[in-house]
Amino acid sequence: MTDTTTHDTRPMVRISELEVCALPADHEAYLAYVLRIRQLSGGWAVVRPGDRCLGRDGTWTYGAQQGDRDDTWLADHRFSLAEAVERAQEAAARLTVRGCTAAQRLAEEGSPADLAGEAAHAASELAQAWAAARHATPDRAAHNQNISCT
């Protein structure tokens with residue numbers, strides 16, 4: 001008797017990694033702040049650059065992908081997918097790189113809207129100063145009278 005069962009030969013699609021980051025994906029420092037949620041032996045792990053793995057106590061341990069971890073270590077560093085996402089979001093908000101969280105970095109840089117507003121304000125002040133300088137009389141002019149304006 002011949003087996004006539006047909007097997008699906010299409011490639012399988014499997015999601016095995018997610019990214020969580022408190023910076024926009026197009027930010028220059030994204031890769032330094034990104035946390036990855038990876039499906040590894042024993043469940044889902046939250047991993048940061050440098051192969052450090054998040055533990056249940058919120059600390060980072062080296063060797064996320066080592067295969068020789070015992071059951072106790074795995075239980076402390078592996079989560080369900082829902083718990084891994086929640087812990088990664090919490091960790092991403094607290095993560096510091098060179099002493100600075102993502103929120104602090106964004107605040108120091110200013111958002112694009114803030115920068116655009118500052119640029120518009122500076123342009124307006126420059127235009128006003130230029131208009132005032134063009135209309136200044138010689139006795140009110142702020143420039144040095146000894147310099148030739150040719």
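Guide: A salt bridge is a side-chain nitrogen of Lys or Arg within 4 Å of a carboxyl oxygen of Asp or Glu. The structure holds eight of these salt bridges. This is a predicted model, in which local features need pLDDT of at least 70, side-chain atom pairs count only at pLDDT 80 or more, and totals for chains, interfaces and linings use all residues. Residues are numbered from 1 along each chain as its sequence is written, and side-chain values use heavy atoms, with hydrogens and water left out.

Visitor: What makes Asp 8 and Arg 10 a salt bridge?
Guide: Their side chains meet at 3.0 Å, N to O. The limit is 4 Å, so the pair qualifies. Both residues are exposed, a word that requires over 50% relative accessible area.

Visitor: Why is the contact of Arg 105 with Glu 28 called a salt bridge?
Guide: The N to O distance is 3.2 Å. That falls within 4 Å, so the term applies. Arg 105 lies in helix H4 (residues 102-109) and Glu 28 in the loop between S1 and helix H1 (30-33), so the pair ties together parts 77 residues apart in sequence.

Visitor: Why is Glu 28 called exposed, and what is Arg 105 called?
Guide: Glu 28 has a relative accessible area of 70%. Arg 105 has 23% and counts as partly exposed. Buried means under 20%, and partly exposed is what lies in between (1.4 Å probe, protein chains only).

Visitor: How far apart in helix H3 are Glu 83 and Arg 87?
Guide: They are four residues apart, which means about one helical turn. Their side chains form a salt bridge at 3.0 Å, N to O. Glu 83 is partly exposed, at 24%. Elsewhere, salt bridges that share partners join Glu 17, Glu 19, Arg 36 and Arg 38 into one network.

Visitor: Why is Thr 101 called buried?
Guide: Its relative accessibility is 15%. The cut-off is under 20%, so Thr 101 passes. The residue lies in strand S7 (residues 100-101). Thr 101 touches Tyr 33, Ala 93, Arg 94, Leu 95 and Thr 96, leaving aside residues up to four places away in sequence. A contact here means heavy atoms within 4.5 Å.

Visitor: How do you know that S1 and S2 are paired?
Guide: DSSP must find at least two bridges between two strands. Strand S1 (residues 17-20) and strand S2 (residues 35-40) have four and run antiparallel, so they pair. Val 20 has Leu 35 in S2 as its bridge partner.

Visitor: What joins S2 to S3?
Guide: Five antiparallel bridges link S2 with strand S3 (residues 43-48). Arg 38 stands opposite Ala 45 in S3. The two strands form a hairpin with two residues between them, and Gly 42 in the turn has a positive phi of about 90°.

Visitor: Which residues form a nonpolar patch on the surface?
Guide: Ile 15, Leu 18 and Leu 81 do, with about 250 Å² of accessible area together. Patch members need over 30% relative accessible area and no salt bridge; like charges are joined within 9 Å, nonpolar side chains (Val, Leu, Ile, Met, Phe, Trp, Tyr) within 5 Å. Leu 81, in helix H3 (residues 81-94), has 36% and counts as partly exposed.

Visitor: Where does pLDDT stay under 50?
Guide: Over residues 137-150, where the model has four contacts beyond four places in sequence. pLDDT is the predictor's confidence in each residue, from 0 to 100. Where it is low, the predicted coordinates should not be read in detail. The protein's mean is 79, and 68% of its residues reach 70 or more.

Terms used. Accessible areas come from the Shrake-Rupley method with a 1.4 Å probe; for residues, only the protein chains shown count as cover.
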